[in-house]
Amino acid sequence: MWIETLKDFIYIALELTVLFIVISFLISLLQGYIPYEKIEKKLAGKNRIVAALVSIVFAFITPFCSCSTIPVVVNMLKKKMPFGIVMIFLFASPILDPTILTIMGVVLGWKVTIIYTVVTSIFSIIIGVVLEALGFEKYVKNVVMSGYEDSNKKFNLKLAFKETMDLMKSVYPYLIIGAAIGAIIHGLVPTEWISSVFGEDHWWLIPIAAIIGIPLYIRLSSMIPISQILIMKGMALGPVMAMMISSAGASLPEVILLKSIFKKELVVTFVLSVVAMSTISGFIFYLI
């Protein structure tokens, strides 16, 4: 049994490694052709609909985890960009990583990935707009930021390779951890147990999965291989996606960092918003 588990781990890890390196390298090359200055002007523009859509695109092309999103958010606030647009980016950036979305498409299927992308994008826009309309901007602290570097770098093969290696140092370990957990679940956890306890008939698992995803801090990169195995074992797609979104969108480290730039009212609202987005998204996948 352990030998089979080890074989599963090696297979999953090799598959994810190849995908990660190739996709990360290509995306790093493309970074040099992204007009960041024009994007910032659009984000600060008066046309809020265009700015909201550009914010989603900006979140997609900046491959950050939830924690590394914070310096960018502070920089956007420092440049006096509209609060709602900044919040859209804050919600969307950690859950719309281009590398991980591509891997998600290969591993979980493009239908799931497209629906995931559309749903999370729509909810990010809605939440950002609502928070601005309700006046939550008053709960932002005055933060002085240092050490932030803009992304206006001209990428070449050498720099793209360096960026890929840097990304591997920060993200790749979580892919391997996810592969290990997925292999263990595949080899040691009975299929019948998962399908009976976490099957599609148990709709109440969706809000529970959304809530427990935050303290678990299972990064999106780790959740991909874990989700693949859980779905193969019979776990419903709804709770899997709810946990994936909440764990990536509002991890404990991110919440702690947010306390340094937001007052508690906005931090609590942020967490509750992520839980709501995760739960509703889970029900959408549940109904598919």
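Predicted model: local features only at pLDDT ≥ 70, side-chain atom pairs only at ≥ 80, totals over all residues.
Residues are numbered from 1 along each chain as its sequence is written. Local features require pLDDT of at least 70 and side-chain atom pairs pLDDT 80 or more, whereas totals for chains, interfaces and linings use all residues, and side-chain values rest on heavy atoms, without hydrogens and water.

Among the residues that an unreviewed UniProt entry lists as "transmembrane region" are 86-108 and 114-136; such annotations may be inferred rather than shown by experiment. Residues 86-108 are 78% helix and 0% strand, with end C-alpha atoms 30 Å apart. For residues 114-136 the corresponding values are 87% helix, 0% strand and 31 Å. Helices are DSSP runs (H or I, at least four residues), numbered from the N terminus. In helix 5 (residues 83-92), 10 of 10 residues are buried (under 20% relative accessible area, 1.4 Å probe, protein chains only), including Phe83, Met87 and Phe91.

Helix 7 (residues 110-133) and helix 14 (residues 264-287) cross at roughly 145°, their axes coming within 10 Å; axes are lines fitted to C-alpha atoms over the stretch in contact, and angles run from 0 to 180 degrees between N-to-C directions. Contact (heavy atoms within 4.5 Å) involves, among others, Tyr116, Phe123 and Ile127 of helix 7 and Ser273, Met277 and Phe285 of helix 14.

Ser273, in helix 14, counts as buried because its relative accessibility is 12%. Beyond its neighbours within four places in sequence, Ser273 is in contact with Phe91 and Ile127. Phe91 is one of the buried residues of helix 5, while Ile127 belongs to the helix 7 side of the contact with helix 14.

How values were computed:
Buried < 20%, exposed > 50% of the residue type's maximum accessible area, 1.4 Å probe, protein only. Helix = DSSP H or I, 4+ residues; strand = E, 2+ residues; numbered from the N terminus.
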